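Here is a short tour of a protein model, written for someone new to reading structures. Keep the 3D view open and look for each residue as you go.

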Amino acid sequence: MEYGFGAHDLSMSGVFEAEPKSCPGFIYRCSIPLGRIDMPFSKYCHFLETVASEYHGDTYHLITKNCNHFTDDISSRLTGNRIPGWVNRLAKLGGAFKFDDLFEEKLGVSIDKEDEMDCLMAGANFLLKV
């Protein structure tokens, strides 16, 4: 299973699971090895429950607490490794998709909000191989 974090209006976990490389609504691009874990499945389940309680759907924020922040947090806690900086580049640009017209006009590039979500799949593929 793969795990991600998404927005909704409820004060409950926004963490979800999907089949690896096939999260509905997203295009899989690549896997990024971030390390391996060696812990009993029961301990891993407890870990996920704990983390899920910190990521409520109504706290999702595209710039400050998005799916890539979730992936980075999980990876750091489990393996000690962070996700590559480019994975969350959209949030670091301050939500540049809001200025898509300006980017296209001045730089000839188009920024799509989906780019941020695509990075989730690239950054989250490390979580479980059960």
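Asp72 has a relative accessibility of 11%, and because buried means under 20%, Asp72 counts as buried. This is a predicted model, so please read every value here as computed from that prediction. Asp72 also takes part in a salt bridge, with Arg82 as its partner.

**Salt bridges**

- How many salt bridges does a search of the whole structure find? The search finds three.
- In one of them, the side chains of Asp72 and Arg82 meet, with N and O 2.3 Å apart. Asp72 lies in helix α2 and Arg82 in the loop between α2 and α3 (89-92), so the pair ties together parts that are 10 residues apart in sequence.
- Glu54 forms a salt bridge with Arg77, and their closest N and O atoms are 2.5 Å apart. This pair links distant parts of the chain, since Glu54 sits in the loop between α1 (41-52) and α2 (67-79) while Arg77 belongs to helix α2, 23 residues apart.
- Glu54 counts as partly exposed at 35% relative accessibility, and Arg77 counts as partly exposed at 38%.
- Asp73 forms a salt bridge with Arg77 too, the closest N and O atoms being 2.9 Å apart. Asp73 and Arg77 are four residues apart in helix α2, so about one helical turn separates them.
- Asp73 is buried, with a relative accessible area of 18%. Through shared partners, salt bridges join Glu54, Asp73 and Arg77 into one network.
- As background, side chains of opposite charge can pair when their charged atoms come close.

**Helix α2**

- Helix α2 has 13 residues and reaches 18 Å from its first C-alpha to its last, close to the 18 Å expected at 1.5 Å a residue.
- The buried residues in α2 include Cys67, Asn68, Phe70, Thr71, Ile74, Ser75 and Leu78.
- At the start of α2, a side-chain oxygen of Asn66 comes to within 2.7 Å of the backbone nitrogen of Asn68.
- Just after α2, you can find Gly80 with a positive phi of about 80°.

**Helix α1**

- Helix α1 has 12 residues and reaches 16 Å from its first C-alpha to its last, close to the 16 Å expected at 1.5 Å a residue.
- Which residues of α1 are buried? They are Tyr44, Phe47, Leu48, Val51 and Ala52. These residues cover an arc of only 130° around the axis, so they lie on the same side of α1.

**The nonpolar core**

- The largest nonpolar core has 13 residues, and Tyr44, Phe47, Val51, Phe70 and Ile74 touch the most other members.
- Strand β1 (2-5) and helices α1 and α2 each supply at least two residues of this core.
- In soluble globular proteins, nonpolar side chains tend to be buried together.

**Strand β1 and its partner**

- Strand β1 is covered on both faces: Glu2 and Gly4 are buried on one side, and Tyr3 and Phe5 are buried on the other.
- Strands β1 and β2 (residues 15-18) run antiparallel and are joined by four bridges.
- Which residue in β2 does Tyr3 stand opposite? Tyr3 stands opposite Glu17.

Conventions:
Residues numbered from 1 in each chain as written. Predicted model: local features only at pLDDT ≥ 70, side-chain atom pairs only at ≥ 80, totals over all residues. Heavy atoms only, no water. Salt bridge = Lys/Arg side-chain N within 4 Å of Asp/Glu carboxyl O. Buried < 20%, exposed > 50% of the residue type's maximum accessible area, 1.4 Å probe, protein only. Core = buried A, V, L, I, M, F, W, Y, C linked by side-chain atoms within 4.5 Å. Pairing = 2+ DSSP bridges. Expected span 1.5 Å × (residues − 1). Polar contact = N/O pair within 3.5 Å; in protein donor to acceptor, adjacent residues only side chain to side chain. Arc of directions from axis to C-beta.
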